[in-house]
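Hi everyone, thanks for making time. I'd like to walk you through one model today, so let me put it up on the screen.

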Amino acid sequence: MIPPIIPIGLYLFAAFVTPVVGRINRNARWPFALLMSLLSFVLIASLYSDAQAGYTPYWLGNWVPVVGTLMGIGLVLDPVAWLFGILIGLFSVLCIMYSKEEIGDAHATRYYSLVFLACAGSLGVVFTGDLFNLFVFLELFNFVCVGLVAYNGNERSLNASFNFLVLASLATTFLLVGIIILYSVTGTLNIAHIAYKLGALGLEPASLVALVLIFIGIGVKTSFFPLHTWMPEAYSSAPHGASMLLIGMKYGTGLYALLRILSVVFGFVGTSWLLILIGVVTMLGGVLMAMVQSDFKRMLSYHAISQLGYMILAAGLGTMLGMTGSLFHVLNHVLYKGMLFLAAGAVIWRTGETDVNKMGGLAKYMPLTALAYAVGALSISGVPPFNGFASKWIIYNATFQVNPLLTAIALLVSALTLASFLKVFHAVFLGKGNNVVKEVPATMTGPMMLLALLCILLGLFPDIALQYAIEPAAKALMNPGAYISSVLAGMFG
Amino acid sequence: MMRDIGYWDALVWSSLFILALLIAYLLLRRKKTEREADAFLCGESFEYTTPPNDFFFGFEKTLSRIFGGNERFHSNIINEYVAWLLVFAALSSLVFIAMYLLGVKAI
């Protein structure tokens with residue numbers, strides 16, 4: 001087994017070595033960065049069999065638990081961690097590939113280092129089995145995000161990064177205080193150990209306060225309504241490749257941490273009306289804001305919030321079908337939303353315009369970008385046979401089992417999403433416009449085409465992903481007891 | 001799994017999608033009457049352009065209170081965003097405490 005710390009370490013290594021490579025040969029930075037991201041992706045992919053075998057704890061420094069004592073820092077590999085991890089790995093490759101032309105030569109070193117640090121932070125969140133380490137990795141990811149959002153250096157991006165910095169700092173304060181309280185109650189920081197001790201103690205008032213603080217702290221990272229306010233400006237101001245990367249990692253950090261902590265630490269696996277309510281409000285709030293946007297990437301950001309609502313709603317149902325739909329929608333959403341951000345980035349990069357009112361007729365000049373956008377738009381709107389429909393279909397079925405009204409709301413949001421995307425597709429790619437431009441280079445169209453292909457394949461053959469990645473992950477989240485007993489094996493003699 | 005919750009066949013889905021594309025293409029290609037040719041959408045002739053922002057004018061007008069409120073909420077002013085965070089924190093604390101007192105096991 002390859003220890004899961006290796007890909008995290010490789011990202012950190014790449015982050016610090018890229019500037020050295022740049023000093024030696026500026027032209028070697030991009031190939032080096034691409035090679036490192038590919039290697040990390042392969043390493044994460046190779047963890048598949050260990051992840052599917054169950055919960056595989058890896059104890060740093062070989063500090064394995066002995067009877068009655070747990071001292072070491074553990075990483076835990078399971079199907080959920082692998083699913084989120086592989087998305088981070090894939091997106092790091094695509095981001096580096098896409099950014100070659102967009103970022104140019106001047107500040108590429110800084111950019112690649114930030115991307116690798118973001119990957120290390122989010123992968124650490126996914127693989128860690130320790131609550132304090134989760135906090136540390138989350139902080140690393142947050143501060144790198146601030147750098148990526150501010151990367152363009154204009155007023156808008158600086159303002160967005162400042163807003164994000166303030167809200168993320170507040171959120172991490174909530175999270176840290178929550179973790180401190182849990183530590184004071186249980187005397188441990190290991191997630192499984194905390195869960196075990198809380199199970200024995202029951203939910204005391206102090207643990208309840210910790211739950212509230214952690215819920216709010218992670219809520220800001222997950223960016224569900226109304227804690228999402230930082231996100232639309234932040235993601236629309238970042239470099240285009242970074243926007244895609246951040247969308248992929250948002251779920252690898254925020255949503256993953258939320259589901260993992262609620263499920264394992266606090267043992268919530270039943271129907272959660274609070275999560276359902278948050279999911280519904282997030283879906284509706286996001287899509288209604290998206291409909292009135294004229295900024296291309298901001299519109300996509302609001303749709304990302306709306307789609308997050310589907311995931312939270314489905315996870316909150318507390319059924320196996322709901323959790324499966326939620327995780328499948330995470331996978332599908334990351335693929336098509338990543339592609340939509342890349343397509344929007346390509347258009348903005350070529351035309352220099354961010355306002356869709358000032359675009360038009362670009363399908364003639366940028367046919368591959370238009371194709372990618374069309375596939376993404378149909379996928380996110382839940383049109384068969386694209387991947388968005390497959391996961392939404394599961395979510396519709398899951399919500400129908402709990403309350404048909406939820407299904408009606410989910411269908412309505414899909415219809416509004418389609419309306420919004422049709423508007424933008426027509427405005428940007430059809431009709432006539434002022435912009436006479438060329439198609440973007442192959443390093444930019446390549447990632448878009450790959451994601452488009454994945455969207456189509458996962459739409460036509462959803463059972464492959466469901467069988468080999470999604471269902472095992474959903475089972476793992478629905479059975480926190482197995483996580484706890486596997487990680488703590490050896491502690492009880 | 002998809003077959004367990006409904007009909008799912010890759011070949012049928014792709015055939016239907018291709019058929020829909022074909023119909024759309026034929027509709028676009030057919031000769032338009034003069035009246036139809038006058039119709040316009042955003043991105044077409046600048047003289048008669050409907051900007052994308054006005055695409056759902058009626059819808060937005062009808063729901064202007066909802067849209068307006070939602071837009072005011074997204075003011076991009078950090079003080080207000082922090083205030084919303086604190087309001088949400090207070091409200092969710094109340095919800096969690098109520099659930100705790102009522103003995104509800106799931107949130």
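Predicted model: local features only at pLDDT ≥ 70, side-chain atom pairs only at ≥ 80, totals over all residues.

Residues are numbered from 1 along each chain as its sequence is written, chains are lettered from A and ligands numbered from 1 in the order in which they are written, and side-chain values use heavy atoms, leaving out hydrogens and water.

Where do the domains run? Domain 1 of chain A is 1-268 + 484-493 and domain 2 is 271-460, with bounds from an automatic or database domain assignment. Their C-alpha centres lie 24 Å apart. In terms of contact (heavy atoms within 4.5 Å), 37 residues of domain 1 of chain A meet 38 residues of domain 2 of chain A.

How many salt bridges cross that interface? The rule finds 2, where a salt bridge is a side-chain nitrogen of Lys or Arg within 4 Å of a carboxyl oxygen of Asp or Glu. Elsewhere on my list, the side chains of A:Arg156 and A:Asp295 form a salt bridge at 3.0 Å, N to O.

Now zoom in on A:Val330, which sits in helix H14 (residues 320-351) of chain A. Helices are DSSP runs (H or I, at least four residues), numbered from the N terminus. Buried or exposed? A:Val330 counts as buried because its relative accessibility is 0%; the cut-offs are under 20% for buried, over 50% for exposed and partly exposed in between, with a 1.4 Å probe and protein chains only. Leaving aside residues up to four places away in sequence, A:Val330 touches A:Phe84, A:Leu87, A:Tyr251, A:Leu255 and A:Met311. Its C-alpha is also 9.7 Å from that of A:Leu83, 247 residues apart along the chain.

The contact takes 44 residues from chain B and 71 from chain A. Together they bury about 5,100 Å², with 76% from carbon and sulfur atoms, and the salt-bridge count between chain B and chain A is 0.

Note on methods
Buried area = accessible area lost by both parts, 1.4 Å probe. Helix = DSSP H or I, 4+ residues; strand = E, 2+ residues; numbered from the N terminus.
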